[in-house]
Amino acid sequence: MIETKGCPICGYEGIDAFDSHGCSTFEICSCCGCESGYEYNENSTDERITELRKEWRIGRDGSWWCKRTKPEKDWDPDIQMKRAGIEL
């Protein structure tokens with residue numbers, strides 16, 4: 001089971017990817033655009049999570065996904081991931 005507060009892909013704390021029972025919420029992360037329950041779920045392997053991280057951080061240069069929700073001033077994807085304890 002994935003144990004990360006917020007988004008397990010990018011570390012953004014603005015979503016609840018899993019409910020209190022550990023089930024997917026189907027929320028879409030404003031930061032990386034990954035959807036809980038669709039692209040990953042509570043049974044996803046470390047390899048799948050790493051694949052999604054690489055797609056976002058390397059393939060899309062870690063760009064902010066949502067057009068309506070803006071990142072904080074001076075937002076940095078690498079700092080966000082580091083704060084969340086996520087390594088690529």
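Predicted model: local features only at pLDDT ≥ 70, side-chain atom pairs only at ≥ 80, totals over all residues.
Residues are numbered from 1 along each chain as its sequence is written, and side-chain values use heavy atoms, with hydrogens and water left out.

View 1. Glu 55 is partly exposed, with a relative accessible area of 38% (buried means under 20%, exposed over 50% and partly exposed in between, using a 1.4 Å probe and protein chains only). Setting aside residues up to four places away in sequence, Glu 55 touches Arg 48 and Arg 60 (contact means heavy atoms within 4.5 Å). Glu 42 is 13 residues from Glu 55 along the chain, and their C-alpha atoms are separated by 19 Å.

View 2. Ser 36 lies in the segment before α1. Is Ser 36 buried or exposed? Ser 36 counts as buried because its relative accessibility is 0%. Leaving aside neighbours within four places in sequence, its contacts are Ala 17, Phe 18, Ser 24, Thr 25, Phe 26 and Glu 27.

**View 3. The largest nonpolar core.** This core has 19 residues, and the members touching the most others are Cys 7, Ile 9, Cys 10, Tyr 12, Cys 29, Cys 32 and Tyr 40. Helix α1 gives the most to this core, with three residues. A nonpolar core is a set of buried Ala, Val, Leu, Ile, Met, Phe, Trp, Tyr and Cys residues joined through side-chain atoms within 4.5 Å. In soluble globular proteins, nonpolar side chains tend to be buried together.

**View 4. An aromatic cluster.** Ring pairs link Tyr 12, Trp 64 and Trp 75 into a cluster. Rings of Phe, Tyr and Trp (its six-membered ring) pair if their centres lie within 6.5 Å; planes under 30 degrees apart count as stacked, over 60 as edge-to-face and the rest as tilted. The count by this rule is three aromatic pairs. Tyr 12 and Trp 64 are edge-to-face because their planes stand at 90°, with ring centres 5.3 Å apart. Trp 64 and Trp 75 are also edge-to-face, at 5.1 Å centre to centre and 85° between the planes. Trp 64 counts as buried at 13% relative accessibility, whereas Trp 75 is partly exposed at 25%.

Methods: Helix = DSSP H or I, 4+ residues; strand = E, 2+ residues; numbered from the N terminus.
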